[in-house]
Amino acid sequence: MEEFKSIKVERIEKNGKKGLIIHNPTRLKLIGEGSQGAVFQLDEDLCVKIYVNPNAATKEGKALEAAKETHIVPRLYEVGPNYVIMEYLKGPNLKDYLKGKQDIPETFTEQIIMIRKELKRVGFSRIKTSIGHFVVTKGNVLKAIDHSDGLTMNDPYNPKMFRDLKKLGLLDSFLEQAKKIDPESYEDWQKNIDFNAI
């Protein structure tokens, strides 16, 4: 179980693009990577995220702890100097799930709205829920991942999720459903997000 501690993750910049160099001398499977670090599967139920910046591990741990009662984020098990051990969520990310679909299932729109509201309720000041950061788990239940800046950055209207939906051709159907499901959130987004610019 401790073998993951020999994995090293560094950030590089090449031709103006950020990337990661991952040194993995273990047999652990890489299951995801982003700007903050890389995620490896430990077993059937657990994964570990190794961070470039140790501070990000602390921040993610605090964010997962703050949202633990909501059941919309992975369960937190351990925070180390540069890592977080958390629940391994089985299932595709929502971006991959929706590729090629004509519309977004209304149950997903409902859950996305609920998750965003819950994150805000538990104290998140950055609601950057890219659709690649929702995992479609058993029973089509969405869970949100990647929250290291959730409590520390002030960015309640980050347009990334809406931009992702637009690229898939699903933004209009998402907004139509949102208007019906939760007119208050819909109005709030219309006031604070420039949908023509995304």
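Start by selecting Phe162, Phe174, Trp189 and Phe195: ring pairs join these four into a cluster. Rings of Phe, Tyr and Trp (its six-membered ring) count as a pair if their centres lie within 6.5 Å, with planes under 30 degrees apart called stacked, over 60 edge-to-face and the rest tilted. Across the whole structure, a search finds 6 aromatic pairs.

Before you go on, note that this is a predicted model, in which local features need pLDDT of at least 70 and side-chain atom pairs count only at pLDDT 80 or more, while totals for chains, interfaces and linings use all residues. Residues are numbered from 1 along each chain as its sequence is written, and side-chain values use heavy atoms, leaving out hydrogens and water.

Phe162 sits in helix α4 (residues 160–167) and Trp189 in helix α6 (residues 183–192), so to speak two distant parts of the chain, 27 residues apart. Helices here are DSSP runs (H or I, at least four residues), numbered from the N terminus.

Phe195 belongs to the segment after α6, 33 residues from Phe162. Buried means under 20% relative accessible area, exposed over 50% and partly exposed in between (1.4 Å probe, protein chains only).

Next, show α4 together with helix α5 (residues 171–181). Their axes come within 7 Å and cross at roughly 125°; axes are lines fitted to C-alpha atoms, for helices over the stretch in contact, and angles run from 0 to 180 degrees between N-to-C directions. The two helices are therefore oblique to each other, the term for angles that are not under 35 degrees (roughly parallel), over 145 (roughly antiparallel) or 65 to 115 (roughly perpendicular). Select Met161, Phe162, Leu165 and Lys166 of α4 with Leu171, Phe174 and Leu175 of α5 to see the contact, meaning heavy atoms within 4.5 Å.

Stay on Leu165. Leaving aside neighbours within four places in sequence, Leu165 contacts Leu98, Ile104, Ile131, Leu170, Leu171 and Phe174.

Of its 41 residues, Leu94, Phe162, Leu165, Phe174 and Trp189 touch the most other members. Helix α3 (residues 106–121) gives the most to this core, with 5 residues. For a last stop, look up Phe4, Leu28, Ala38 and Ile85, which are among the 13 residues of a second, separate core.

Note on methods:
Core = buried A, V, L, I, M, F, W, Y, C linked by side-chain atoms within 4.5 Å.
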